[in-house]
Amino acid sequence: MIYRAKTAGDCVLGRQSARQSGLICMDVLAHALYGATLCSRSGLAGGRRGNPGGRWYRDITVLWAVIFGLAPDIISMWIPFLIHTLSGKEGIFFVHYDGVWLELYRIVHSLLISLGVSAVIFLVWRSGFIPSLAWTVHILCDAVSHDEGKFQTLLFYPLSDWGIRGIPFWRHLWFTAAYWAVLLALIAGIILWRKKR
Ligand SMILES: [Zn+2]
């Protein structure tokens, strides 16, 4: 029987709950926003002055920070997920996720790679350096929001298989709530800091 997803949630987690798919969407959005909040001119990296133009949506570094903030998952998950969905393969994406894609997942979720990418960008594209650090921010967020197992973040892969035993966000609603609270507090903090001039 060909597996047919009934909802967007089914696409991602097979027959798991809509709540878990919702948490995954929140996670994607949080990666984008953490990247932009910390690694763009409009965000913390812009210091007290922020983006000289004032408008975050006209700030190109916001767009780059979002792209770098999502890059590890775009490269290693969104592409195979698209292939899996379009090919109408049977079974649950995350269960079948293995082999070359899992290897790629580990490589692009390694600090050695993200910092290496940022070092190269620093040399060839100076203004892209700060936004590129959103990739490293993504890895640090994943490190604490994944536990042991297939999707653990192996921080120094391929030199070491060590990773933090984090709290899996897809099983704990409170954890997603907490990292969103931290994100919103950061945004509010930056806004207040700049207003106090
Ligand atoms: Zn990730």
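Helices in this tour are DSSP runs of at least four residues, numbered from the N terminus. By that count, Arg 106 belongs to helix 5, which covers residues 99-108. The model is a predicted one.

**Whole chain**

The protein contains 8 helices and 0 strands, and its pattern along the sequence reads α-α-α-α-α-α-α-α. Its radius of gyration is 18 Å, close to the 16 Å given by the globule rule for 197 residues, so the protein is as compact as a globular protein of that length. The C-alpha trace spans about 65 × 35 × 30 Å along its principal axes. Of the 197 residues, 31% are buried. Among contacts with a separation of 6 or more, 58% join residues 24 or more positions apart.

**Helix 3 and helix 7**

Select residues 60-86, which form helix 3, together with residues 129-145, which form helix 7. The two helices pack at an angle of about 30°, their axes 7 Å apart, and their crossing is right-handed.

**The nonpolar core**

Next, colour Cys 39, Ala 65, Leu 133, Ala 134 and Val 137. These are the residues with the most contacts inside the largest nonpolar core, which has 17 residues. Helix 2 (18-39), helix 3 and helix 7 are the elements that each give two or more residues to this core. In soluble globular proteins, nonpolar side chains tend to be buried together.

Centre the view on Cys 39. Which residues is Cys 39 in contact with, leaving aside its neighbours within four places in sequence? They are Ala 45, Ala 65, Ile 130, Pro 131, Leu 133, Ala 134 and Val 137.

**Arg 106**

Now select Arg 106 in helix 5. Is Arg 106 buried or exposed? A residue counts as buried if 20 or more other C-beta atoms lie within 10 Å of its own; Arg 106 has 20 within that distance and is therefore buried. Not counting residues up to four places away in sequence, Arg 106 touches Leu 154 and Tyr 157. A distance drawn from the C-alpha atom of Arg 106 to that of Ile 79, 27 residues apart along the chain, spans 15 Å.

**Tyr 157 and Pro 158**

Finish by moving from Arg 106 to its contact Tyr 157. The peptide bond from Tyr 157 to Pro 158 is cis, with omega near 5°. Pro 158 is located in the loop between helix 7 and helix 8, the latter comprising residues 173-195.

Notes:
Residues are numbered from 1 along each chain as its sequence is written. This is a predicted model: local features need pLDDT of at least 70, side-chain atom pairs count only at pLDDT 80 or more; totals for chains, interfaces and linings use all residues. Axes are lines fitted to C-alpha atoms, for helices over the stretch in contact, and angles run from 0 to 180 degrees between N-to-C directions. A crossing is left-handed if the near helix is turned anticlockwise from the far one by less than a right angle, and right-handed if clockwise. The radius of gyration is taken over C-alpha atoms; the globule rule is 2.2 Å times the number of residues to the power 0.38. A residue is buried if 20 or more other C-beta atoms lie within 10 Å of its own, exposed if 12 or fewer, and partly exposed in between; C-beta atoms are placed from the backbone. Two residues are in contact if their C-beta atoms, placed from the backbone, lie within 7 Å. A nonpolar core is a set of buried Ala, Val, Leu, Ile, Met, Phe, Trp, Tyr and Cys residues joined through C-beta atoms within 7 Å.
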